[in-house]
Amino acid sequence: MSDFPTQAKVVVIGAGIVGNCVVGHLAELGWTDMVLIDKGPLPNPGGSTGHASNFIFPVDHNKEMALLGEQSANQYRDLGMSVDSGGIEVARTDERMDELNRRMTSAKAWGIEAHLLTPAQVKELVPFVNDEVIKGGFYCPTVSVVDSLETGTVMRNKALDKNALQVFANTEVLDVETSEANEHNGRRTVTAVVTDKGRIEAEHVVIASGVWSNKVANMADTYIPLVPAVHQMADVGPIDVLAETNNEIGYPIVRDMDTFCYERQSSGSMEVGSYGHRAILHHPDEIPSNEEAALSPTEMPFTQDDFDPQMETAIELMDMLGDAEIKYAINGLLSLTPDTMPCLGEVPDVENLWSAAAVWVKEGPGMGQVVAEWMTYGYPRVIDAHGADIARFYDDERSDEHIWSRADEHFIKTYGIVHPSEQWEGRRNLVTSPYFSRQEDLGAEFFQARSWERPQWYASNADLVERYDIPGRDNEWDARWWSPITVGEHLNLRENCGVVDLSAFQVYELTGPGAVEFAEYLAVNKVDKAIGSSTYTPWLNQDGGFHSDLTMMRLGEDHVRVVTGVFDGGRDEFWVRKHMPVDGSVKFTNSTMNVTTLGVWGPNAPTVLGQLTDFDLSHEGSPYGSVRDVEIATTDGPLACKLFRISYVGDSGWEIYTDWNNGPQLWDAVMEAGRDLGIRPTGGGVYGSSGRVEKGYRLMGAELESEYNPVEAGLARPKVKAADFIGKEAYLAARDKGPDAKMCTFIVEDQTSSSGVKRFMQGGNEPILTTEGERIIDSHGRGSRVTTASPGPSVGKHLLMGYLPPELAVIGNDFQVMYMNELYPIKVGAVEGSVFDPEDSRLKG
Amino acid sequence: MRILCCVKRVPAPGAKINVTEDGQQVETAHLGFTTSPHEECAVEEAVQLTEAQGGEVTVLTVGPPEAEEQLRYAASVGCQNIVLVPTDGTPLDPQRTATIITETVQSLESDGGEFDLILFGNESADSGGFQVGVRVAHALGRPIVNGIKGIDIEADQVIARREVDAGFEVYHLPRPAICGVKEGINLPRYPTMKGRLASKKVELESVDTDADAGGQLMVRLHRPQETAKETAILGDSEDAAGAIVDLLEELGVMS
Amino acid sequence: MTLLVLLDHDNGVMPEASREALTIGRQLADDMGGEMVAAVIGALDDGVIDDVAEEAQKFGAETVRHVNHDLLTDYGPDAWAECLRQLADDVDAEAVMAVGNDRGNEVMAFLAARLDQPFVANCTTVTDADDDEWSMTRLQWGGSLLEDATLSADLKLVSFGHHAVPAEPAAGAADADVEEFEPELDDSHTITMIKDRTVQTQGVTLSTAPVVVSGGRGVGSADAFAPLEELAELLGGRVGCSRAVTNNGWRPHSDQVGQTGTRIAPEIYIATGISGAIQHWVGAMASKKILAINTDPEANMVTKADYAVIADLHKVVPAISAEIRRRREG
């Protein structure tokens with residue numbers, strides 16, 4: 001045994017599947033001088049890895065989870081640590097059969113073999129299933145069972161073999177030390193890990209502590225928002241038919257989706273696992289130590305009453321389970337986050353403190369690779385991981401109250417059928433705009449964007465449905481979380497004028513002598529322009545992929561304002577702070593809560609605003625992209641505003657910025673001025689979807705991801721600015737090479753399903769296929785899929801956005817889209833441009 | 001045949017048992033509960049005896065309402081009747097426990113007839129008083145022997161075997177009899193899922209009885225002083241065999 | 001002020017437990033400011049009773065009472081308890097104690113039931129023995145926890161935890177007289193008397209073996225105990241095991257060392273592949289020396305052992321046997 005080190009390049013806390021994979025991947029990427037510690041013994045330190053059911057169902061609707069799951073499954077396979085057992089999700093209801101069709105669609109999107117089975121076919125594969133209680137099954141032959149403990153050992157040994165790692169089991173972390181806040185960016189830097197065996201100074205610290213991760217993060221006075229939650233599991237046996245296979249797993253795993261339960265063979269017995277009980281959440285302090293625990297710390301005492309209903313339904317599906325003995329049963333702990341996604345990447349307020357948490361065995365190796373690449377390259381290369389980026393959370397989302405409430409709400413959805421637009425019930429109205437009470441009065445249907453409430457449509461506009469004769473949607477799934485009013489609002493905006501609440505914009509001020517230079521460093525496009533001008537620009541990561549797309553305004557000699565979307569605020573603020581110059585020449589201020597924004601667009605927008613100001617609103621006085629200080633007349637007197645001429649919906653108009661507290665006056669003045677001009681409050685259904693998609697405008701996190709570059713997204717400008725910026729080298733290379741995919745807008749030519757119902761794709765990664773039904777893969781291995789779907793009311797067609805390989809991206813080319821396991825004909829309507837008003841005549845009008 | 005098993009709900013600890021700050025209880029915040037191991041075997045023995053010879057098993061516990069969990073567990077492995085004498089969960093002294101059980105047995109017998117056999121565990125896993133069964137037997141005027149690892153029921157007597165160092169002592173107890181059972185008499189079964197579900201339908205009989213405190217009073221619990229032992233590491237491979245045999249010679253056990 | 005101490009014996013053979021009882025009894029009697037009377041129950045040959053008396057005297061008994069009766073053909077808890085009851089009366093005992101082994105606790109429980117007096121089992125220390133109310137510390141959880149308790153009774157009945165105190169001869173012990181005592185017994189007292197014995201084990205047993213070689217879950221299977229048996233045989237010892245092993249059906253329960261199995265006290269306990277759960281530890285903790293063989297350096301058994309080898313038991317155990325054979329042959 002080696003002496004306990006006093007310093008190291010990297011300390012990884014936690015030797016479960018994640019910590020082991022992080023050190024393994026770091027070693028492969030050339031890192032040395034690493035220390036891996038765990039408070040428990042090896043190879044099973046007592047965390048969630050030790051009691052995991054260790055199977056991977058590769059199909060997920062979420063791209064990050066699906067691709068990292070597949071990546072992980074392949075890593076397990078390559079190490080010889082997995083067996084393809086196959087797996088079947090069985091349906092007991094018609095709704096679930098629809099969901100299985102949706103799963104077939106996602107399987108196609110990711111290129112995973114899958115089959116829809118009749119009950120009899122399910123019984124053929126798993127003879128002990130009662131086929132009378134099911135309506136069908138979704139069979140995936142590549143469902144695999146892995147050895148996560150052994151994989152952890154192998155990954156750890158990879159690093160040990162390279163002399164890159166020292167391992168210390170039975171070593172408890174007592175503190176994670178950080179520096180004082182840095183003057184230049186307000187962030188602290190991790191400095192050391194204090195353990196019961198000694199203190200290690202470290203350049204990097206990785207928290208891979210599973211259910212204890214938030215507790216460890218708290219030691220560094222920061223957060224990893226997750227909560228330990230119970231997943232019940234009972235091992236029943238012996239069962240002859242299983243024992244006779246003489247195999248760890250001889251039958252496909254069965255997920256009884258409608259009872260939130262699975263049955264997984266483990267040699268001669270069956271593991272019955274449940275996600276169907278009440279959410280049972282624990283504080284990390286309630287988890288016993290290895291010494292105190294009767295089994296392991298994360299195998300907590302079984303609460304039988306919670307499991308009883310599962311037993312009844314399990315016996316219904318497999319009668320043989322009823323007579324088998326319950327040999328072992330636990331309340332196993334796993335990690336839940338407020339939004340169901342993992343917590344990966346650098347902790348926003350502490351430099352070089354990394355989170356590799358809320359990761360389950362099924363995605364462990366892939367996520368380990370993500371974190372290792374993030375540490376190495378500044379951003380993960382294997383896949384865009386913005387959904388798992390720990391920087392995504394706002395403060396409201398990091399509180400225990402929020403984490404517990406959300407975990408409580410979504411636990412039961414683990415095997416649930418979750419609509420892509422599904423809204424949370426609890427923890428609403430965390431942040432509301434200055435117009436909130438007015439919007440409530442107008443019957444706004446609010447959708448929550450992270451912690452912010454935004455109107456999606458207004459019930460007060462119901463008359464527009466009749467006015468424009470807008471049909472409803474016959475299919476309940478398609479109609480869920482949607483209203484024809486949103487189409488009415490769209491058409492009214494195009495005809496008259498719409499007012500959109502944009503208060504959720506995240507607004508940052510960069511000031512100081514280095515502000516402009518720093519702004520240039522962040523942005524692909526030139527920011528150093530005349531005061532009062534703006535730049536819509538990508539921010540790239542070091543590899544030239546998208547980190548963000550946003551707007552930067554030159555407001556003063558030493559003042560640049562950054563305006564970004566609410567979904568990306570956390571990540572973007574982190575990105576700014578991380579890169580701020582150490583000389584202190586730039587000051588960062590988050591003015592989101594001081595500034596409110598109201599968008600006014602439509603042919604009548606200039607007339608509406610013209611009633612409130614004498615300012616020249618023509619394209620001479622207020623050209624596209626300009627930011628002008630203007631006084632707006634209100635009943636309480638003139639209001640100082642900034643008029644930013646821009647549009648995300650393709651119609652002429654402005655974003656009006658004013659002080660948060662003056663929002664209500666601004667709202668009232670604009671609404672009053674537009675009263676006779678057809679003005680209507682207009683929701684996010686138009687702003688974020690139909691208006692945008694008709695114009696082919698891209699959205700970060702949908703069309704724009706780190707896997708794509710501006711050349712592919714059609715956002716490359718003719719020239720490249722002289723100033724240096726993050727990702728420039730890669731960007732130049734991408735320009736030289738040309739795109740490997742092109743952003744397209746598709747028109748759905750016929751939405752009629754086989755049962756004669758008009759269907760509406762939701763934009764949930766539906767695969768875009770050839771007319772022969774084959775997947776389309778570009779030269780980087782990226783499959784074509786729907787990144788956004790929306791009605792195009794002004795073109796009278798349902799629209800889809802997605803990438804195609806350049807040779808296929810030709811207007812008029814025919815393709816198919818799969819939706820709910822059916823194929824629909826689609827045609828390329830635009831490449832890099834828009835299907836509605838491609839000449840942008842309305843913007844100029 | 002009617003058999004009664006008396007069981008106790010006890011925590012299921014790991015390698016370290018903590019005590020609450022007031023020293024009155026074991027810290028059970030993250031512990032599950034179980035039936036004291038000897039009693040789990042007593043239940044299994046009762047079930048096996050009635051399975052072989054007919055009859056039914058009643059399980060009795062004196063404990064907090066949560067002890068229903070242990071009664072249901074017994075029902076899930078084949079016991080027909082479950083009886084709880086509810087307490088507030090404060091540990092009772094052995095005399096008081098014995099009196100409560102005696103009175104409850106008398107009450108159960110006046111309703112349902114005499115128990116041919118009453119089984120206790122040899123001692124409880126937690127307080128280990130080694131006497132409740134004996135006191136109950138004495139009060140009921142029935143024979144009892146402890147440490148029993150084998151039971152045969154004959155027409156008019158119970159053959160009970162106690163394991164001692166070199167073998168077994170055999171006792172012949174006239175029926176009705178009582179035994180203090182030791183783990184090892186059998187390997188208790190686990191409940192099946194159907195057994196568990198059926199156990200939920202078994203009616204819980206609640207008997208309210210209490211008795212005066214006896215002369216033994218618990219003041220507080222505490223952990224024994226841990227003598228930090230310096231463990232001498234003799235090696236990290238089979239090469240340590242030499243050092244080990246040196247040690248055996250030194251201890252004089254090699255002759 | 002008389003303390004009556006029950007001496008366990010099996011047909012005259014006195015176990016270590018009885019010497020412990022005398023050692024503790026001597027102290028307790030001194031604390032009480034009284035004398036210790038040792039009780040030996042059952043028919044014994046003259047020579048045997050003299051040996052027992054000599055031993056009892058060596059460990060501090062002032063008087064040895066040999067309780068005999070025609071009906072005392074063997075051990076029986078009713079009969080023994082009744083004898084003790086009458087003898088306690090006869091010597092006007094203020095307290096009766098025994099060692100807390102199976103028999104000791106059983107007889108004391110029977111005595112307590114007869115007298116309707118409290119009985120405090122498995123004490124480790126008694127303080128305030130000169131007061132009406134005694135204070136004591138006793139074992140809970142097989143010794144994993146201690147309980148401070150008080151005892152108020154006309155006649156104090158206590159047992160002391162087996163192995164709680166090592167047996168030590170008393171300083172300046174005087175000659176002890178053997179006095180016969182014939183209790184009044186009838187058939188009602190012999191109902192619970194041993195009717196028969198079956199001998200299962202010849203030679204050393206788990207609880208008396210000088211060496212116990214034990215295996216836990218880490219052994220892996222029933223067959224994998226063969227090397228442990230070989231080593232135990234070479235050392236004239238016995239194989240033991242943990243509760244996990246008996247629960248898996250790899251070994252009979254009679255091999256189980258632990259709270260619910262056998263309490264052992266060998267010269268050396270070789271624990272292999274045993275993590276040292278509490279229920280096991282309390283059965284093994286009276287061992288004079290403990291050698292743990294385990295791959296986990298932080299296993300409870302390792303940290304509590306005197307000696308440890310951090311390695312795979314499947315390699316180490318055969319190597320020990322080989323080394324022993326090599327030395328014996330060489």
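# Exercises on a predicted three-chain model

The buried residues of helix α5 (residues 226–234) of chain C are Pro227(C), Leu228(C), Leu231(C) and Ala232(C). The model is predicted: local features need pLDDT of at least 70 and side-chain atom pairs count only at pLDDT 80 or more, while totals for chains, interfaces and linings use all residues. Residues are numbered from 1 along each chain as its sequence is written, and chains are lettered from A, with ligands numbered from 1, in the order in which they are written.

**Exercise 1.** Determine how the buried residues of α5(C) are arranged around its axis, and state what covers them.

*Solution.* 
1. A residue is buried if 20 or more other C-beta atoms, placed from the backbone, lie within 10 Å of its own; it is exposed at 12 or fewer and partly exposed in between.
2. Helices (H or I, at least four residues) and strands (E, at least two) are DSSP runs, numbered from the N terminus.
3. Viewed down the axis of α5(C), the buried residues fall within an arc of 135°, so they line one face of the helix. The arc is that of the directions from the helix axis to the C-beta atoms.
4. The cover over these residues includes β11 (211–215), β12 (238–241), β13 (268–272) and α9 (313–329) of chain C.
5. Just after α5(C), Gly236(C) has a positive phi of about 65°.

**Exercise 2.** State whether Thr61(B) is buried or exposed, and list its contacts beyond four places in sequence.

*Solution.* 
1. Thr61(B) belongs to strand β4 (residues 56–63) of chain B.
2. Because 26 other C-beta atoms lie within 10 Å, Thr61(B) is buried.
3. Two residues are in contact if their C-beta atoms, placed from the backbone, lie within 7 Å. With neighbours within four places in sequence left aside, Thr61(B) is in contact with Val7(B), Lys8(B), Arg9(B), Ala67(B), Gln70(B), Leu71(B) and Leu84(B).
4. Ile148(B) is 87 residues from Thr61(B) in sequence and 20 Å from it in space, C-alpha to C-alpha.
5. Chain B as a whole has six helices and 13 strands. Of its 255 residues, 53% are buried.
6. Among contacts in chain B between residues at least 6 apart in sequence, 72% join residues at least 24 apart.

**Exercise 3.** Identify the residues that touch the most other members of the largest nonpolar core.

*Solution.* 
1. A nonpolar core is a set of buried Ala, Val, Leu, Ile, Met, Phe, Trp, Tyr and Cys residues joined through C-beta atoms within 7 Å.
2. The largest such core has 246 residues, and Met34(A) and Ala356(A) touch the most other members.
3. Helix α1 (residues 17–28) of chain A gives the most to this core, namely seven residues.
4. Apart from this core lies another, of 120 residues, which includes Cys5(B), Cys83(C), Leu151(C) and Val158(C).

**Exercise 4.** Give the strand order of the open sheet of six strands in chain A, and name its edge strands.

*Solution.* 
1. Strands of a sheet pair through backbone hydrogen bonds, either parallel or antiparallel. Two strands pair if DSSP finds at least two bridges between them.
2. The order is β36-β39-β40-β35-β38-β37 (chain A), and the pairing is antiparallel.
3. The edge strands are β36 (768–769) and β37 (788–792) of chain A, each of which pairs on one side only.
4. Strand β35 (residues 742–748) of chain A pairs with strand β38 (residues 797–804) of chain A in the antiparallel sense over six bridges. Opposite Met743(A) stands Tyr803(A) in β38(A).

**Exercise 5.** Describe the contact between chain B and chain C.

*Solution.* 
1. On the two sides, 64 residues of chain B are in contact with 77 residues of chain C.
2. Elements that give two or more residues to the side of chain B include α1 (37–53), β7 (144–153), β9 (167–174) and α6 (241–251) of chain B.
3. The largest share of that side, eight residues, comes from β9(B).
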